Amino acid sequence: MAVCARLCGVGPARGCRRRGAAREQRRGGAAGDSEPDTDTDPEEAGGGGGSAEDEEAAERIEGGRPLSHPGEAGPAGRAPLSILELPPELLVQIFGSLPGTDLPSLARVCTTFRRILRTDTIWRRRCREEYGVCENLRKLEITGVSCRDVYAKRINPRVKSGRFMKILPDYEHMEYRDVYTCLLHRYRHILGLWQPDIGPYGGLLNVVVDGLFIIGWMYLPPHDPHVDDPMRFKPLFRIHLMERKAATVECMYGHKGPHNGHIQVVKKDEFSTKCNQTDHHRMSGGRQEEFRTWLREEWGRTLEDIFHEHMQELILMKFIYTSQYDNCLTYRRIYLPPSSPDDLIKPGLFKGTYGSHGLEIVMLSFHGKKAKGTKITGDPNIPAGQQTVEIDLAHPLQLPDIESLRDFSELSRIVLEVQEQVRREEQEQEHRQEEENPSQPAAKPLGGEGAEGEDNAAGAEGSTQDKAPASQPFVLPMGVISRNEDYPRTCRICYYGTGLIAGHGFTSPERTPGVFVLFDDDRFGFIWLELKSFSLYSRIKVAFQNAEAPSREAFDEMLKNIQSLAT
């Protein structure tokens with residue numbers, strides 16, 4: 001603060017220039033007086049030669065009038081000694097390039113800085129560069145608030161026009177400084193990807209700055225079994241500024257338009273939402289009409305179109321369970337997996353088929369010689385947060401010819417041989433660890449930990465990819481059930497893996513052998529030998545913002561947390 005005060009020539013240090021001018025006068029009158037003046041008398045700081053000139057310069061800057069050329073600043077033709085002598089428009093450019101979090105401290109330096117920081121151009125630039133806000137507050141009646149604010153009318157014509165009606169607050173007297181300080185900066189901690197706590201079902205919430213709103217979009221997989229279709233989305237809540245300088249939280253759930261809500265940051269990487277008007281969630285036709293509407297939105301069909309009785313039970317169970325969370329929800333932050341040049345494909349989020357449970361969202365991440373698929377959305381058998389598949393990248397599979405591949409017993413024989421080989425290798429590794437450290441119990445290595453495992457995986461993967469052709473024919477064996485028959489007929493490479501299966505309520509979970517099939521950069525599959533079923537996964541091609549993990553350790557910790565909560 002003292003440095004800033006000296007730069008702008010305010011406060012107790014303001015007398016420095018006046019003392020300098022006085023010393024020059026003394027040097028001209030008495031050459032023998034060469035001792036520097038080091039007094040810091042407050043009275044001298046408030047008066048003396050040059051004060052009228054300084055005050056006049058400050059007034060010109062505060063008033064927004066340009067200063068004279070530095071060569072014309074005084075009779076001595078001195079160079080500018082203070083940042084206050086710069087033109088106001090230049091100060092606006094300088095302040096606008098600083099982080100928005102530093103501007104309040106800058107405003108405390110002096111009155112001039114505080115007045116310049118009232119310029120809305122500075123805050124508009126910070127809103128654009130830090131949060132991507134490009135809307136013009138004065139032209140909202142032309143540009144609109146959000147490109148997706150009327151999404152319901154465009155996607156679902158059956159929805160009544162008043163469901164998500166556009167509400168344009170009165171922005172005529174609002175400033176970008178209010179948008180930044182009261183909305184964007186205040187709620188910056190909830191931007192990013194989140195997983196709602198809805199029992200075994202989970203979910204994927206993306207909180208973004210959308211126009212002059214902060215909106216929480218719930219992303220839903222496409223209707224079963226169209227795994228290659230784009231993701232669906234619907235808003236759960238939004239935050240914006242009204243006429244007053246306070247953010248308004250509105251719940252978007254239900255069928256009667258936005259209504260009053262509340263957001264509370266529980267702790268780091270966790271927040272909760274609450275609806276204060278749950279009557280907006282109800283429909284005039286009662287629960288039966290609500291169920292039919294939910295079924296059309298969730299599955300894209302009616303209950304009469306679903307002939308499988310077990311599937312009807314699962315759908316009804318999900319509706320009853322999720323309806324309990326329509327007034328209050330807790331969200332926990334999730335990160336996108338970090339990538340490495342050695343990864344088999346780019347990690348990320350995928351949507352996959354899970355039999356009668358429909359499509360679910362899975363996060364694929366790489367951990368040395370292992371690749372893991374973690375459920376972001378789940379079902380009563382394998383809940384969200386559990387590791388649904390694990391791929392052993394150190395054990396590739398050489399598939400037989402296309403005719404032999406149609407025989408399920410032949411594929412099963414190959415996989416079981418690799419399973420036995422993996423079991424022997426794990427036992428040998430445990431024996432070696434016991435011999436090296438007899439006092440310590442042997443610990444089963446986790447996938448990806450250890451430099452040795454990463455080196456082995458990289459070597460095995462590299463040698464396999466060198467020998468394997470660019471693509472090879474692929475067909476599902478006879479008797480293997482697939483929800484989507486339109487799967488690719490060529491693949492790049494296959495690996496041994498295990499899949500997690502369990503009874504209803506996650507009872508008796510066990511890992512069973514399977515085959516990981518890589519089709520291309522955006523699609524892969526998994527054959528569950530125990531269930532004789534096939535799951536097809538397709539990449540979610542959405543550019544999620546504020547979702548990168550700060551470090552590899554933070555991502556691993558996030559995976560452990562969501563798995564422990566699911567357990």
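Analyst: This is a predicted model, and the secondary structure of its protein chain comes to 17 helices and 19 strands. The chain has 567 residues, of which 47% count as buried.

The second largest pocket has a volume of about 610 Å³. Its lining is made up of 26 residues, and those nearest the centre of the pocket are Tyr 354, Gly 355, His 357, Leu 531 and Ser 533. By kind, the lining of the second largest pocket holds 11 nonpolar, 10 polar and 5 charged residues.

As for the rest of the chain, the largest nonpolar core has 45 residues, and Leu 183, Ile 190, Val 207, Ile 214, Phe 237, Ile 239 and Phe 271 touch the most other members. Helix α11 (residues 176-184) supplies the largest share of this core, 6 residues. Leaving aside residues up to four places away in sequence, Ile 190 touches Val 207, Ile 214, Phe 237, Ile 239, Ile 263, Val 265, Phe 271 and Arg 333. Another core, of 26 residues, lies apart from the largest one and includes Leu 399, Val 418, Val 515 and Phe 519.

Among contacts in the chain with a separation of 6 or more, 60% join residues 24 or more positions apart. The accessible surface of the chain comes to about 28,800 Å², and carbon and sulfur atoms account for 50% of that surface.

Notes. Residues numbered from 1 in each chain as written. Predicted model: local features only at pLDDT ≥ 70, side-chain atom pairs only at ≥ 80, totals over all residues. Heavy atoms only, no water. 1 Å grid on protein atoms, 1.4 Å probe; cavity = no way out; pocket = protein on both sides within 12 Å on 5 of 7 lines; lining within 4 Å. Points joined across faces, edges and corners; volume = space filled by probe spheres on them. Nonpolar A, V, L, I, M, F, W, Y, C, P; charged D, E, K, R; others polar. Helix = DSSP H or I, 4+ residues; strand = E, 2+ residues; numbered from the N terminus. Buried < 20%, exposed > 50% of the residue type's maximum accessible area, 1.4 Å probe, protein only. Contact = heavy atoms within 4.5 Å. Areas by Shrake-Rupley, 256 points an atom, 1.4 Å probe, with all protein chains shown as cover. Core = buried A, V, L, I, M, F, W, Y, C linked by side-chain atoms within 4.5 Å.
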